[in-house]
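Here is a quick tour for anyone meeting this model for the first time.

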Amino acid sequence: VRTRRRFARLAIAASVLLAVALSFNAFRDVGVAPVDVASIDKSYGSIYLLGEQSQLTELVDLATVTTGQTIMTGADSGIGLAWNGGGSLRMDEATTVQFVGADAVFLSEGRVYFDSQATGAGLTVNTAHGAVSHIGTQYMTAVDGLRLTVSVREGEISIDRNSGKDSGLAGQQVEIIGEAAATVTNIGSSGAQWEWIEATAPTLDFSGKSTYEFLQWVARETGYDIAFEDAEAERLAREGRLVGTIPGLDPRRELEVRMLGEDLDYAFDQDSGTINISAIDSGS
């Protein structure tokens with residue numbers, strides 16, 4: 001079913017390009033020179049730039065993104081951007097985003113994820129259904145036809161629309177269909193709906209950093225909590241020091257590789273939402 005949906009999305013893409021371009025025109029700053037808003041940290045699959053005449057050009061050797069540009073991702077594709085104001089913006093497959101300002105994008109379809117990290121960076125995700133803003137958070141915004149869905153992993157978000165304001169806290173998902181009242185449900189911080197963002201997680205240099213710091217990053221990227229089996233396991237993590245950068249790996253794979261050089265073992269527990277860290281018995 002998922003495969004059929006992917007092909008269906010690509011099949012109708014050409015027919016919606018004109019509508020997408022028209023909807024973006026409202027956000028254009030006529031006569032204003034474009035400025036860099038983000039740099040490309042990681043991408044995979046087919047990534048396209050949407051031109052002024054609605055033509056698609058495959059993204060090749062593009063290092064930065066400027067205001068006025070529109071990026072579209074194909075099936076089985078994704079892109080991770082280092083936002084110039086701080087934080088990480090990621091686009092899932094079959095997603096169309098125009099970069100309308102230094103602190104704003106317009107999401108036409110698909111879904112994006114923003115992590116303000118420790119910078120407190122601000123970003124507004126404009127949609128046809130309303131504008132999503134946040135207070136120091138990790139959140140995902142999805143647009144599908146008449147539906148807007150905002151999932152909050154950390155922090156708080158607000159949605160401005162014609163009928164007023166809606167809000168969501170960590171662990172909540174806000175769904176809006178048309179002009180109807182928002183529906184709020186509880187969600188977990190990990191699971192299938194979040195896993196796509198891991199493929200475009202930024203590559204970080206952990207040289208000289210502790211294993212403990214690395215584990216906290218893995219936890220943040222996957223939505224799991226770190227649980228140490230005992231004090232010895234935590235001591236080893238805090239005292240351990242890492243070397244080098246490992247580019248191209250998602251957080252789970254990097255965890256697998258780095259732990260090969262540690263006296264620690266790990267296990268994901270989906271039921272509890274934890275990564276259990278234990279010391280390896282040197283005598284075993």
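## Helix α3 and what follows

Residues are numbered from 1 along each chain as its sequence is written, and side-chain values use heavy atoms, with hydrogens and water left out.

Helix α3 itself covers residues 211–222. Helices here are DSSP runs of H or I with at least four residues, strands are E runs of at least two, and both are numbered from the N terminus. The expected span of a helix is 1.5 Å times one less than its number of residues. With 12 residues, α3 should therefore span 16 Å, and its end C-alpha atoms agree, being 16 Å apart. Its buried residues include Phe214, Leu215, Trp217 and Val218; buried means under 20% relative accessible area, exposed over 50%, and partly exposed in between (1.4 Å probe, protein chains only).

## Tyr48 in its strand

Over in strand β2 (residues 47–50) you'll find Tyr48. Tyr48 counts as partly exposed because its relative accessibility is 24%.

Which residues does Tyr48 touch, leaving aside its neighbours within four places in sequence? Its contacts (heavy atoms within 4.5 Å) are Leu56, Thr57, Glu58, Leu59, Thr70, Ile71, Met72 and Gly74. Ile71 is 23 residues away along the chain, yet the C-alpha atoms of Tyr48 and Ile71 are separated by 5.6 Å.

## A hairpin

Strands β12 (residues 147–161) and β13 (residues 164–169) pair in the antiparallel sense over six bridges; two strands pair if DSSP finds at least two bridges between them. Together β12 and β13 make a hairpin, with two residues between them. Asp160 stands opposite Lys165 in β13.

## The whole chain

Stepping back, the protein chain has five helices and 18 strands. Of its 284 residues, 44% count as buried. Take contacts between residues at least 6 apart in sequence: 53% of them join residues at least 24 apart.

The chain's mean pLDDT is 88, with 87% of residues reaching 70 or more. Over residues 1–30, though, the pLDDT is below 50. Where pLDDT is low, the predicted coordinates should not be read in detail.

Key. Predicted model: local features only at pLDDT ≥ 70, side-chain atom pairs only at ≥ 80, totals over all residues. pLDDT = per-residue confidence, 0-100.
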